[in-house]
Amino acid sequence: MNSTTSATAPLVGQGCKRRSSRPSKLGFDAAFTPERCRVAGARRMTASQLHLWHVSKSLTADVVVIVSELVTNAIQHGSGDVKLRVQCSADRLLVEVSDHNPAPARMRPVHDEDTRGRGLRMVDQLAMDWGVSDGGLTTWAALEIPLKTSSHLVSLR
């Protein structure tokens with residue numbers, strides 16, 4: 001689990017084939033105004049979609065925490081509308097949150113008495129990798145999908 005800065009997010013959809021032999025992935029996008037009340041909606045939307053994809057409850061819980069933290073960061077530190085993208089391939093789930101602030105997200109030191117500032121540390125612990133792309137506009141987190149879930153996702157295509 002590393003925090004990294006990268007030019008691009010990890011590739012999703014490689015190795016997953018539709019009948020037409022083109023790479024495929026499941027995914028959804030959402031955009032909303034930068035208001036704190038939108039965080040709960042982003043969590044609900046993500047949990048509902050992952051349920052439809054038959055993603056395990058434990059992985060869904062991790063993804064929902066990541067969505068919550070990244071959307072909250074975009075609202076607190078970003079500017080303009082917030083965009084959420086969740087993509088799921090046979091072996092990886094990718095969460096991307098974008099705003100219009102080019103300053104990249106970064107972990108800051110926190111002290112025991114601090115009541116804020118732990119969001120990216122939680123993302124770092126839950127994701128197999130995370131970073132920023134699009135010149136700092138997008139923060140992403142990638143999670144590995146267990147084999148059992150992965151085989152069911154392929155059957156959804």
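Aspartate 129 has alanine 142 in S6 as its bridge partner. That bridge belongs to an antiparallel pairing of S5 and S6, which runs over five bridges. The model is predicted. It describes a protein of 157 residues, 41% of them buried, with four helices and six strands.

**The S5–S6 hairpin**
- S5 and S6 form a hairpin in which four residues lie between the two strands.
- Aspartate 134, in the turn of this hairpin, has a positive phi of about 55°.
- Strand S5 covers residues 129–133, and four of its five residues are buried, so that the strand counts as mostly covered.

**Overall layout**
- Along the sequence, the order of elements is β-β-α-α-β-β-α-β-β-α.
- Of the contacts between residues at least 6 apart in sequence, 67% join residues at least 24 apart.
- The accessible surface of the protein is about 8,800 Å², and carbon and sulfur atoms account for 51% of that area.

**Nonpolar core**
- The largest nonpolar core has 31 residues, among which Leu84 and Val95 touch the most other members.
- Elements giving two or more residues to this core are the strands S2 (26–32), S3 (82–88), S4 (92–98) and S6 (138–144), together with the helices H1 (38–52), H2 (57–77) and H3 (119–126).
- H2 supplies the largest share of the core, with eight residues.
- Beyond its neighbours within four places in sequence, leucine 84 is in contact with Phe28, Asp29, Ala30, Phe32, Ala42, Thr46, Val67, Val95, Glu96 and Val97.

- In S2, the side chains of Leu26, Phe28, Ala30 and Phe32 point to one face and are buried.
- S2 pairs with S3 in the antiparallel sense, over seven bridges.
- Within that pairing, alanine 31 has lysine 83 in S3 as its bridge partner.

**Aromatic pair**
- The count of aromatic pairs comes to one.
- The pair consists of phenylalanine 28 and tryptophan 53, at 6.3 Å centre to centre and with 50° between the planes, a tilted arrangement.
- Phenylalanine 28 is in strand S2 and tryptophan 53 is in the loop between H1 and H2, so the pair links distant parts of the chain, 25 residues apart.
- Both phenylalanine 28 and tryptophan 53 are buried.

**Threonine 46**
- Threonine 46 is found in helix H1.
- This threonine is buried, and its relative accessible area is 0%.
- Apart from neighbours within four places in sequence, threonine 46 is in contact with Phe28, Val63, Val67, Leu84 and Val86.

**Helix H3**
- Gly119, Leu120, Val123 and Asp124 are the buried residues of H3.
- Viewed down the axis of H3, these buried residues fall within an arc of 140°, and they therefore line one face of the helix.

Technical notes:
Residues are numbered from 1 along each chain as its sequence is written. This is a predicted model: local features need pLDDT of at least 70, side-chain atom pairs count only at pLDDT 80 or more; totals for chains, interfaces and linings use all residues. Side-chain values use heavy atoms; hydrogens and water are left out. A nonpolar core is a set of buried Ala, Val, Leu, Ile, Met, Phe, Trp, Tyr and Cys residues joined through side-chain atoms within 4.5 Å. Buried means under 20% relative accessible area, exposed over 50%, partly exposed in between (1.4 Å probe, protein chains only). Contact means heavy atoms within 4.5 Å. Accessible areas come from the Shrake-Rupley method with a 1.4 Å probe; for residues, only the protein chains shown count as cover. Two strands pair if DSSP finds at least two bridges between them. The arc is that of the directions from the helix axis to the C-beta atoms. Rings of Phe, Tyr and Trp (its six-membered ring) pair if their centres lie within 6.5 Å; planes under 30 degrees apart count as stacked, over 60 as edge-to-face and the rest as tilted.
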